[in-house]
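Me: I have a model open and want a quick walk through it. Can you take my questions as they come?
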Amino acid sequence: MPKRKAKNDTIEGDVETPRRSSRTPSKQVKAQSTPTEVSPPPAKKSKKGKSSKTEAKEPKEAEDLDLKKDKKEAKNEKASKEKDTTPPAVEDGSKAKAPSGGRQYWLMKAEPEPRMEKGHDISFSIDDLAAKSEPEPWDGIRNFAARNNLRAMKKGDLAFFYHSSCKVPAIVGIMEIVKEHSPDLSAHDSSKPYYDPKSSPDDPKWSVVHVVFRQKLDTPITLKELKDWRAEKSHPLQNMQMLAQSRMSVSKVSAAEWEFLVGQMKDRGDVIQQ
DNA sequence: GCCAACGTTGGC
DNA sequence: GCCAACGTTGGC
């Protein structure tokens, strides 16, 4: 699932600083240096995730079942990992040799319209992100392939912000990855919309990356446009991951795809600063 | 390891 | 609200 998200963006969420603090030691130190981080919420991710499934089952599962499951999960994990890993990465031959390779590009979905998930409004829009004054943790991702993409992100990578499950699904803005992956602590809080009883603090299954707002497009690029382009022969968007796997909430965008889309944005009058 | 059943995503 | 696509679960 990459499911989408939810917004725990409530005030309370912001208050909850704890989440971040539970990161690894070294990181923790850093976190502490930043006084109140606003951490919470954003979420994005998936949608209808009814957590009922997991929760309902959980009770009856015996420990051995859990073990079995873990094995399977590991398998799935591995499978998706291989899948995603293969293609992505490398591709910036064109870029100047930056110290650590080139910048990678991504597309991350969030639902801008209110939707309740376990008593929380999980919506999160580009405007919500723009209003943040601190890096926002992209939490709630509960799908292995999407999570693996999160883990592949590097500081400095750019991502399109996509609005899903709304009137006009579209790419509405650009954000930057400012902090690489760390455990998604929302998975361990049963009151959270994306609680996952199978994940534990000592062996976190899920991850978040922190993002910051870069810009909002004056003219969004709609899903319809993306699909129309993909339908054209030999088009740069022919193999775009988000179109091929529409349910993936965090997908890879190739350099060629990014350039094509940024070119379109510029043609429409948006000033893109990269 | 295969695969059927089931659940979720997300556009329409 | 419907439903196609596809991911996950879990038996065999």
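Predicted model: local features only at pLDDT ≥ 70, side-chain atom pairs only at ≥ 80, totals over all residues.
Me: How many helices and strands does chain A have?
Reply: Ten helices and eight strands. Those are DSSP runs, numbered from the N terminus: H or I of at least four residues for helices, E of at least two for strands.

Me: What share of chain A is buried?
Reply: 49% of its 274 residues. Buried means under 20% relative accessible area with a 1.4 Å probe, protein chains only; exposed is over 50%, partly exposed in between.

Me: Which residues of α7 are buried?
Reply: F144, A145, A146, R147, N148, N149 and L150. That is seven of the nine residues in the helix, which spans 144–152.

Me: What happens at the start of α7?
Reply: A side-chain oxygen of N143 comes to within 2.9 Å of the backbone nitrogen of A145.

Me: Switching to rings. How many aromatic pairs are there?
Reply: Seven. Rings of Phe, Tyr and Trp (its six-membered ring) pair if their centres lie within 6.5 Å; planes under 30 degrees apart are stacked, over 60 edge-to-face, the rest tilted. One of the pairs is Y105 with W258, stacked at 4.5 Å centre to centre and 20° between the planes.

Me: Where do those two sit in the chain?
Reply: Y105 is in strand β1 (residues 105–110) and W258 in helix α10 (residues 255–267), 153 residues apart. Y105 is buried, at 6% relative accessible area. W258 is buried too, at 1%.

Me: Why is the F124 and W138 pair called edge-to-face?
Reply: Because the planes are at 80°, with ring centres 6.1 Å apart. F124 lies in the loop between β3 and α6, and W138 in the loop between β4 and α7, so the pair ties together parts 14 residues apart in sequence.

Me: Are those two buried or exposed?
Reply: Both F124 and W138 are buried.

Me: Which residues do ring pairs link into a cluster?
Reply: Y105, F160 and W258.

Me: Last one. What sits over the ring of W106?
Reply: The charged end of K252, 4.6 Å from the ring centre. The rule is NZ of Lys or CZ of Arg within 6 Å of the ring centre and within 35 degrees of the ring normal.

Methods
Residues numbered from 1 in each chain as written. Chains lettered and ligands numbered in written order. Heavy atoms only, no water. Polar contact = N/O pair within 3.5 Å; in protein donor to acceptor, adjacent residues only side chain to side chain.
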